[in-house]
Amino acid sequence: MTGIVYKSTGLWYSIIDDSGRLFQARLKGIFKQQKQLETNPIAVGDCVDFSSDSNQQCMITKIYPRRNFIARESIQHRKRQHIIAANIDQSILMCSIPDPTTPLGFIDRFLVSCELFHIHAILVFNKQDAMTPDDLLRYKSIKNMYETIGYQVFLVSVVANVGMDKLTDVLQHKTSLISGQSGVGKSSFINYYIPSAFIDTQNVNAGSGKGVHTTTFAEMYQFMDTSNIIDSPGIKELGLVNVEQSELSQYFPEMRMLLTACKYHNCVHIAEPECAIKNAVKNGKIFSQRYTNYVQMYDSILKYRWQ
Ligand SMILES: Nc1nc2c(ncn2[C@@H]2O[C@H](COP(=O)(O)OP(=O)(O)O)[C@@H](O)[C@H]2O)c(=O)[nH]1
Ligand SMILES: [Mg+2]
Ligand SMILES: [Zn+2]
């Protein structure tokens with residue numbers, strides 16, 4: 001039988017087959033013994049073959065090649081990666097301007113990760129209902145920046161049901177990964193589409209401005225028959241896995257197209273003369289905020305390499 005993995009706890013995997021039947025399966029030992037780069041052989045979104053015996057004991061026997069996946073560095077093993085989810089159509093970052101404010105550096109790291117993994121990225125700003133006129137102005141300039149670069153940006157309120165129709169269109173027939181800082185409304189968003197998921201929503205801590213973590217395992221939810229949402233914990237740490245300093249600018253679409261115009265072919269756009277990227281920043285063709293975040297990410301890779 002063939003199915004898709006909807007949930008994984010490390011030991012058991014929930015699989016749904018073509019006709020919507022749910023199975024609980026374990027993994028054949030052979031997959032675990034293989035020396036791999038990944039700490040988990042199977043992730044949510046994986047397509048697998050499985051067999052079931054009379055005791056309803058299912059065994060996963062085959063993993064199909066992944067169309068794509070998104071990973072972070074394993075916490076236990078620095079050289080290995082933890083696959084968060086596989087076969088994703090699009091990756092949504094839920095953001096907020098009021099309570100909590102999503103930093104642009106956070107957004108840019110997310111976008112770089114999506115470019116790295118070749119996954120279409122979408123920014124959704126939630127809590128429209130709680131935005132002040134100043135927040136709205138700030139949103140407009142952020143939206144303008146990211147749309148100019150080529151990303152889709154939406155403004156919604158999950159609780160006040162504003163802008164949700166447009167988003168529903170975007171989710172239709174797709175598998176979407178959802179991530180974002182605690183407190184931006186991810187659980188509320190999933191509950192909006194899949195009330196049966198009963199995901200805990202948490203009040204943002206009054207003191208710290210940070211929400212409380214409630215989810216531990218990645219899980220995929222099916223809705224509107226052909227759409228899936230993947231809720232993933234730990235995605236906050238989605239960092240710059242396997243990005244070399246020298247290739248970072250390739251993951252900024254607005255820089256990518258200028259790279260051949262730098263004087264030095266190995267220009268990293270920091271201190272070099274006649275750098276097309278720095279010139280574009282000066283001429284306003286590249287948003288200086290994006291360049292600042294580029295430099296910050298560049299530095300963080302260096303620190304990381306040497307620590
Ligand atoms: N004002 C406002 N609050 C919201 C909205 N969506 C979610 N919240 C609130 O934000 C808090 C955090 O929501 P939650 O869904 O748990 O966020 P998560 O940590 O990203 O899963 C809760 O108190 C929600 O009620 C919204 O559209 N507007
Ligand atoms: Mg939550
Ligand atoms: Zn350059």
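User: Two strands count as paired if DSSP finds at least two bridges between them. With that in mind, how many bridges join strand S1 to strand S2?

Analyst: Five. Keep in mind that this is a predicted model. S1 covers residues 2-8 and S2 covers residues 13-17, and the two run antiparallel.

User: In S2, what is the bridge partner of Ile4?

Analyst: Ile16 is the partner of Ile4.

User: And what's in the turn of that hairpin?

Analyst: Four residues lie between S1 and S2. Gly10 is in the turn, and its phi is positive, about 95 degrees.

User: S2 next. Which way does S2 run relative to strand S3, parallel or antiparallel?

Analyst: Antiparallel, with four bridges joining S2 to S3, residues 22-27. Ile15 faces Phe23 of S3. This is a hairpin too, with four residues between the strands. Gly20 in that hairpin has a positive phi near 85 degrees.

User: Give me the whole chain. How many helices and strands are there?

Analyst: Eight helices and 13 strands. The chain has 307 residues, and 35% of them are buried. Take the contacts with a separation of 6 or more: 62% of them join residues 24 or more positions apart.

User: Core, then. Which residues touch the most other members of the largest nonpolar core?

Analyst: Val5, Ala85, Val124 and Ile230. That core holds 67 residues.

User: What is phi of Asp99?

Analyst: Near 45 degrees. That is a positive value in a residue other than glycine.

User: Why is Asp99 classed as partly exposed?

Analyst: Because 13 other C-beta atoms lie within 10 Å of Asp99. Exposed needs 12 or fewer, and buried needs 20 or more.

User: Phi of Asn161 is a positive value too; what is it near?

Analyst: Phi of Asn161 is near 55 degrees, again in a residue other than glycine. Asn161 lies in the loop between strand S10 (152-155) and helix H4 (164-171).

User: Is Asn161 buried or exposed?

Analyst: Exposed, because Asn161 has 11 other C-beta atoms within 10 Å, and the cut-off for exposed is 12 or fewer.

User: How far apart are Lys140 and Leu155 in space?

Analyst: 9.7 Å, C-alpha to C-alpha. In sequence, Lys140 and Leu155 are 15 residues apart.

User: Last one, Pro273. Which loop is the place of Pro273?

Analyst: The loop from helix H6 (253-256) to helix H7 (276-282). Pro273 counts as exposed because it has 9 other C-beta atoms within 10 Å.

User: How many residues apart in sequence are Pro273 and Cys262?

Analyst: They are 11 residues apart in sequence. In space, the C-alpha to C-alpha distance between Pro273 and Cys262 is 8.6 Å.

Technical notes:
Residues numbered from 1 in each chain as written. Chains lettered and ligands numbered in written order. Predicted model: local features only at pLDDT ≥ 70, side-chain atom pairs only at ≥ 80, totals over all residues. Core = buried A, V, L, I, M, F, W, Y, C linked by C-beta atoms within 7 Å. Contact = placed C-beta atoms within 7 Å.
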